[in-house]
Amino acid sequence: DLSTSPALLTRELAGKFAERGVEFADAPVMRTRAAAEAGSLAVPVGASDPLFARIQPLIACFASDITHAGDIGAGQVVKILNNMVLYETVLALAEARAIGVRAGVDPERLFQAMSTGSADSFALRNHGLKAIVPQVFPERAFPVSYAKKDLEYAVDLAESVGVDATGAKNLVA
């Protein structure tokens, strides 16, 4: 399953498939549309060791970075938390731009300087410099509804394991 789904649902489906003698793995895809077109997606996989060994060569046809994240559902956990961290980082970048501009600092210079410091990240180099600094937000790049869904999954996951994910909750609200 290459979709992004709640880990609990993934585990329930795997159990139902197992009752019928069918093996199931969760392998949600990560990265950009360009990465998908280039065959360089990142894929965290939740599967048993033997199943992962069998499907890894197939996933390698469209992914350059494949991680055996653990048992069933682990792929979903990794993908959901990856997106949660990305969205929270993008929010912090947007806030930094707004504060910097109001404090008299050119946003491009701000983000270029941040990219040489400990704030450097994929989010800063891609979302920050390419969209937030110039205030250019391409339509259909990644729908907000998808981000909201992923954040809701993250909040639900956090609650299911007894963690108060305040940052993710604030983004969903």
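**Ground rules.** I am working with a predicted model, in which local features need pLDDT of at least 70, side-chain atom pairs count only at pLDDT 80 or more, and totals for chains, interfaces and linings use all residues. Residues are numbered from 1 along each chain as its sequence is written, and side-chain values use heavy atoms, with hydrogens and water left out.

Buried here means under 20% relative accessible area, exposed over 50%, and partly exposed in between, with a 1.4 Å probe and protein chains only. I found 12 residues in this core, among them Ala-25, Leu-41, Val-45, Phe-52 and Ile-59. Strand E1 (41-46) and helix H3 (49-59) each supply at least two of its residues, and H3 has the largest share with four. Helices (H or I, at least four residues) and strands (E, at least two) are DSSP runs, numbered from the N terminus.

I then checked the contacts of Phe-52, where contact means heavy atoms within 4.5 Å. Leaving out residues up to four places away in sequence, Phe-52 touches Val-45, Ala-47, Ile-66, Thr-67 and His-68. I also noted a second, separate core of 11 residues, including Tyr-87, Leu-151, Tyr-153 and Ala-154.

**Helix H7.** I looked at residues 144-160 next: H7 has 17 residues and reaches 24 Å from first C-alpha to last, close to the 24 Å expected. The expected span is 1.5 Å times one less than the number of residues. Which residues of H7 are buried? My list is Ala-147, Asp-150, Leu-151, Tyr-153, Ala-154, Val-155, Leu-157 and Ala-158. A reminder to myself: an α-helix has 3.6 residues a turn, so residues three or four places apart point the same way. Helix H4 (74-102) and helix H8 (166-172) are included in what covers the buried residues of H7. Just after H7, I noticed that Gly-162 takes a positive phi of about 75°.

**Pockets.** On a 1 Å grid over the protein atoms alone, a pocket is an open set of points where a 1.4 Å probe fits, with protein on both sides within 12 Å along at least five of seven lines; lining residues have an atom within 4 Å of a point. Of its 44 lining residues, Leu-86, Tyr-87, His-127, Ala-141 and Phe-142 are closest to the centre. H4 gives the largest share of that lining, 10 residues.

The second largest pocket has a volume of about 190 Å³. Its lining includes Pro-6, Arg-11, Ile-80, Tyr-153 and Val-161, and H7 gives the most to it, with four residues.

**Two single residues.** Beyond its neighbours within four places in sequence, Thr-10 is in contact with Ser-5, Phe-24, Asp-26, Ile-72, Gly-73 and Gln-76.

Last, I turned to Leu-81 in helix H4. Leu-81 has 34% relative accessibility, so I put it down as partly exposed. I found Leu-81 and Val-155 9.7 Å apart in space, C-alpha to C-alpha, though 74 residues apart in sequence.

How values were computed. Core = buried A, V, L, I, M, F, W, Y, C linked by side-chain atoms within 4.5 Å. Points joined across faces, edges and corners; volume = space filled by probe spheres on them.
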